[in-house]
2 protein chains.
Amino acid sequence: MSDHRDAPAPVRPQPPFEPPYHVVVFTSVRTEDDEGYAETAVRMRDLVKEIPGYLGHESARTPGGLGITVSYFRDAEAIKAWRSVGEHRGAQKQGRAEWYEEYTVHVGEVVRSHGWKRD
Amino acid sequence: MSDHRDAPAPVRPQPPFEPPYHVVVFTSVRTEDDEGYAETAVRMRDLVKEIPGYLGHESARTPGGLGITVSYFRDAEAIKAWRSVGEHRGAQKQGRAEWYEEYTVHVGEVVRSHGWKRD
């Protein structure tokens, strides 16, 4: 519902949330098939924001290399809710069919965190 | 001690290790100062391999954007050992002085993981 969804945001890491919270690390190698990928990524970004307990996510991709997306959720129930969204499951299926060569997912409970910023 | 440390490795995600294990997510924005950065990164990569309980790590950086490095350790003791390495502490200090604009660290315990690869 933002008027600014297409405005470039300053690049910032997610903050250190107050533990405990949960983390999902998704590391992938892409295929060369880009069709529909960006649109689906934007749609998933908007959809996940509707999940109660979603805290934020961040992504990086080395050109021609690995991509890493890290998502943060307040609890296991929030992850379960996100996994059960039909449109998300459809995107995962399409990802395996078209966009990903390989991926690994690690799900964990964050016990501590901290941030640092230049003065 | 490898003869192949400079050979390009195929790009692969770290595997889903057998839980429980620990994860350290380091998300950063770099300065424009590259001096000494690559050499230190290589040195740290070699040093961390000597830590008992180190499992692996993976990195991605969007050009001009976020960098994410995710490291995996068998237990909290392995993370503590790595944090206490003097040369690592020196690199962290230099990072704050020169290479990083901002970063966040999240430390967690992985409870489950899985991988997928195209046939």
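Me: In what sense do β4(A) and strand β4 (residues 100-117) of chain B pair, and over how many bridges?

Reply: The two strands pair in the antiparallel sense over 15 bridges. G115(A), for example, has T104(B) in β4(B) as its bridge partner. Strands here are DSSP runs of E with at least two residues, and helices are runs of H or I with at least four, both numbered from the N terminus.

Me: What do these values rest on?

Reply: This is a predicted model, in which local features need pLDDT of at least 70 and side-chain atom pairs count only at pLDDT 80 or more, while totals for chains, interfaces and linings use all residues. Residues are numbered from 1 along each chain as its sequence is written, chains are lettered from A and ligands numbered from 1 in the order in which they are written, and side-chain values use heavy atoms, with hydrogens and water left out.

Me: How many residues of chain A and chain B are in contact, and what area do the chains bury?

Reply: Contact (heavy atoms within 4.5 Å) involves 52 residues of chain A and 52 residues of chain B. The chains bury about 4200 Å² between them, 57% of it on carbon and sulfur atoms. Buried area is the accessible area, with a 1.4 Å probe, that two parts lose on being put together, summed over both. Across the interface, 29 residue pairs are in polar contact, both residues at pLDDT 80 or more. A polar contact is a pair of N or O atoms within 3.5 Å; within protein, one must be able to donate a hydrogen and the other to accept it, and residues adjacent in sequence count only if both atoms are side-chain atoms.

Me: Which element supplies the largest share of the side of chain A that touches chain B?

Reply: β4(A) does, with 18 residues. By class, that side of chain A has 25 nonpolar, 15 polar and 12 charged residues.

Me: What makes the meeting of R12(B) and E102(A) a salt bridge?

Reply: A salt bridge needs a side-chain nitrogen of Lys or Arg within 4 Å of a carboxyl oxygen of Asp or Glu. The N to O value for R12(B) and E102(A) is 2.7 Å, so the pair meets the cut-off. E102(A) belongs to strand β4 of chain A, and R12(B) to the segment before β1 of chain B.

Me: Why is the peptide bond from P19(A) to P20(A) called what it is?

Reply: The bond from P19(A) to P20(A) is cis, with omega near 0°. P20(A) lies in the segment before β1 of chain A. In chain B, the bond from P19(B) to P20(B) is cis, with omega near 0°. Most peptide bonds are trans.

Methods:
Ala, Val, Leu, Ile, Met, Phe, Trp, Tyr, Cys and Pro count as nonpolar, Asp, Glu, Lys and Arg as charged, and the others, Gly among them, as polar. Two strands pair if DSSP finds at least two bridges between them.
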